[in-house]
Amino acid sequence: MSLANLAVAPMQKLSPAADPATDTLAAFFRGLGPDWHSQWAWDHYETTILALARQFGLKRLCEIGGGRDPLFTADEAAANGLAFTVNDIDAGELALTPAGLKTACFNIAGDLSEPDVARGGYDMMVSRMVFEHIAGVERAWHNIHALLAPGGVALAFFPTLWAPVFALNHVLPDNVSRAIVHALFPARRDGGDDPVFPALYEWCRGNPALLTPMLNRAGFRDVHVQRFWGHGYFDRMPGLKQLDHGFNALAARIGWNLVTTYAYVVVRKDRN
């Protein structure tokens, strides 16, 4: 996905003294200094989660929709001092979870009546390319609030509308958009390691002014939306790749929320 002329900002160490007056998610991300391009979001997803865990003392991690492709192996989670649980709505996907990892089968947008539900049982909940497939996203955020322990953090990484590439995916019939993704990314064909699921894009936006009231209704007061622009879908299309890169660079420069391509939406539950 990377572009030859893009210099991705390196992950910086968070300095507690950099913003002594605050202990917020916004201050945390200012310390990281993310790049505008979405390649940074992909390259630093795991390290951002580990940095959040260190910064806020988070140990019990649940990955929403982790299924067959969880964030960490059992050894990696243990090496980072994490008690790691992999969640999925689909028992078949959880059956493909690598050995040694704890699993929990429940619907994050459901009524949380499943036996595997642990209310207040997690310090951190994360997801990657999951929320665009969820029907009932606002309820999912309410459920995340119920599942987090006081002071817990959640991070959802998802594609956003109305980036042109995802807007097209949203309006095209599922069979057409699926065929396009299969052509561009053969590994995502049915039966592959990264299958394509229908995308709904409910509440998948990069505009903090739009998302924050909904997240406040879910119970969160500390909210941060880290916006990203750019993508790799046109990397094998000379000319179109450069035009799209220029468009996204300009959108990032002026902070055009309507056409963000990805976002980290990060929330923290109050301690009391």
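1. Start with two helices that touch: Leu25, Phe28, Phe29 and Leu32 of H1 meet Thr48, Ala51, Leu52, Gln55 and Phe56 of H3 (contact means heavy atoms within 4.5 Å; helices are DSSP runs of H or I with at least four residues, strands are E runs of at least two, both numbered from the N terminus). The residues of this contact split into seven nonpolar, two polar and no charged (Ala, Val, Leu, Ile, Met, Phe, Trp, Tyr, Cys and Pro count as nonpolar, Asp, Glu, Lys and Arg as charged, and the others, Gly among them, as polar).

2. A quick word on the source: this is a predicted model, where local features need pLDDT of at least 70 and side-chain atom pairs count only at pLDDT 80 or more, while totals for chains, interfaces and linings use all residues. Residues are numbered from 1 along each chain as its sequence is written, and side-chain values use heavy atoms, leaving out hydrogens and water.

3. Now for salt bridges: the structure has five (a side-chain nitrogen of Lys or Arg within 4 Å of a carboxyl oxygen of Asp or Glu). One of them joins Glu46 and Arg128, at 3.3 Å from N to O. Glu46 sits in helix H3 and Arg128 in strand S4, so this pair ties together parts 82 residues apart in sequence.

4. Have a look at Glu93 and Arg68 too, whose side chains form a salt bridge at 2.7 Å, N to O. Glu93 is in helix H5 and Arg68 in the loop between strand S1 and helix H4, so the pair links parts that are 25 residues apart in sequence. Glu93 counts as buried at 12% relative accessibility, whereas Arg68 is partly exposed at 26% (buried is under 20% relative accessible area, exposed over 50%, partly exposed in between, with a 1.4 Å probe and protein chains only).
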